[in-house]
Amino acid sequence: MTVDDTGSGAGAERRVDPSPFEASADPGGLSAAESDADSGEDPLALRLEQLILGAERRYTPFQAARSAGVSMELASRFWRAMGFADIGQAKALTEADVLALRRLAGLVEAGLLSEAMAVQVARSTGQTTARLAEWQIDSFLEGLTEPPEPGMTRTEVTYPIVELLLPELEEFLVYVWRRQLAASAGRVVQAADDEEMVDRRLAVAFADLVGFTRLTRRMEEEELGELVEAFETTAADLVAARGGRLIKTLGDEVLYAADDAGTAADIALRLVETMSNDETMPELRVGMAFGTVTTRMGDVFGTTVNLASRLTSIAPRDAVLVDSAFAEELIRTGDAPASEAEAAEAAAAAEKEGEEPPTYRFALQPMWQRPVRGLGVVEPWLLTRRGGGEE
């Protein structure tokens, strides 16, 4: 029997004929304890599961769906969306699984969510928390649960550690989620109209480590893992501190977005400056574009995103390339002059009038137009910090 261990213990079965989910399940049968004993599962692992879930296994998927007042078909869709493994009609579900089904179905019945949106909620939550749970087990708990004495199993050490940490980690997770929800809600209510809530004008950037494939052949796995973790941590901290939003990390590459071009430009240059000052890090290149972006489930899509990705692939080492729309936005907001000649003219005019000359944060240098696969001919601009140094 396969049981999910990401935190809720629910299961799902693929809809193939004949489907175990559609089979008529006997509401009686073996008790949970008898079923677990027959399955040959490790008793300590079962105790750990019960500790985390806070309840014993009581229901088959059929029984859980019936108790929640949900059709087997809808329950199956929810479980599958949450990423839970198929368990047939094994008795592996708890009261929490029933309550989760009842809540999702209740949101649909009340008209607060469409069925499709409820499935999206289940999928996005499942994907995000699955990654978090994997990280916590692999990287966090693994270091805390090394057996202190010969003969002790990792599970024997893990149980008391989890018992102590579980309530604290749970409360911290809810706190961070509420904070992120508040920030996202604030951005939504500031949107100009309903369309802007989904299709928004954003600055999107990819930052990519140069020569990462070659590094994977030269470095030990542990060294490579430490390098990737250091890169992701540095990038995440810089993006957050300067007001951007980290969309996702891809090992040797990060994708982030910002509401305005100036913020995205500052983050990009700080990333390059930070990495170039670290001798342990490979060189970095960044590609950015500005325009309409479609947001779905925390990710971003569209031509603007594709263009930023293509610009990254052609960017010089330790340099930042932007598209013409990004350059125009920096010029419009006064963050960069259209040219050095214009900057000189503006400074001369200000001096003549006895006024302070305009201050520009960034400089733009047009590059040769070139064809970019799938997007036609583009005009990249090289972005640098005004004066060549860090602010």
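This is a predicted model: local features need pLDDT of at least 70, side-chain atom pairs count only at pLDDT 80 or more; totals for chains, interfaces and linings use all residues.
Helix α4 (residues 72-82) and helix α5 (residues 95-109) pack against each other at an angle of about 105°, with their axes 11 Å apart. Because angles of 65 to 115 degrees count as roughly perpendicular, α4 is described as roughly perpendicular to α5.

**The contact of α4 with α5**
- On the α4 side the residues Ala75, Phe78 and Trp79 take part, and they meet Leu101, Leu104 and Ala105 in α5.
- Sorted by type, the residues of this contact comprise 6 nonpolar, no polar and no charged.

- In soluble globular proteins, nonpolar side chains tend to be buried together.
- The largest nonpolar core here has 40 residues, and those with the most contacts inside it are Met288, Phe326 and Leu383.
- Helix α11 (residues 261-276) supplies the largest share of this core, namely 9 residues.

**Asp318**
- Most residues other than glycine have a negative phi.
- Asp318, although not a glycine, has a positive phi of about 55°.
- This residue, Asp318, is found in the loop between α12 (303-314) and β6 (319-322).
- Asp318 counts as partly exposed because its relative accessibility is 31%, which lies between the limits of 20% for buried and 50% for exposed.

Notes:
Residues are numbered from 1 along each chain as its sequence is written. Side-chain values use heavy atoms; hydrogens and water are left out. A nonpolar core is a set of buried Ala, Val, Leu, Ile, Met, Phe, Trp, Tyr and Cys residues joined through side-chain atoms within 4.5 Å. Buried means under 20% relative accessible area, exposed over 50%, partly exposed in between (1.4 Å probe, protein chains only). Helices (H or I, at least four residues) and strands (E, at least two) are DSSP runs, numbered from the N terminus. Axes are lines fitted to C-alpha atoms, for helices over the stretch in contact, and angles run from 0 to 180 degrees between N-to-C directions. Angles under 35 degrees count as roughly parallel, over 145 as roughly antiparallel, 65 to 115 as roughly perpendicular and the rest as oblique. Contact means heavy atoms within 4.5 Å. Ala, Val, Leu, Ile, Met, Phe, Trp, Tyr, Cys and Pro count as nonpolar, Asp, Glu, Lys and Arg as charged, and the others, Gly among them, as polar.
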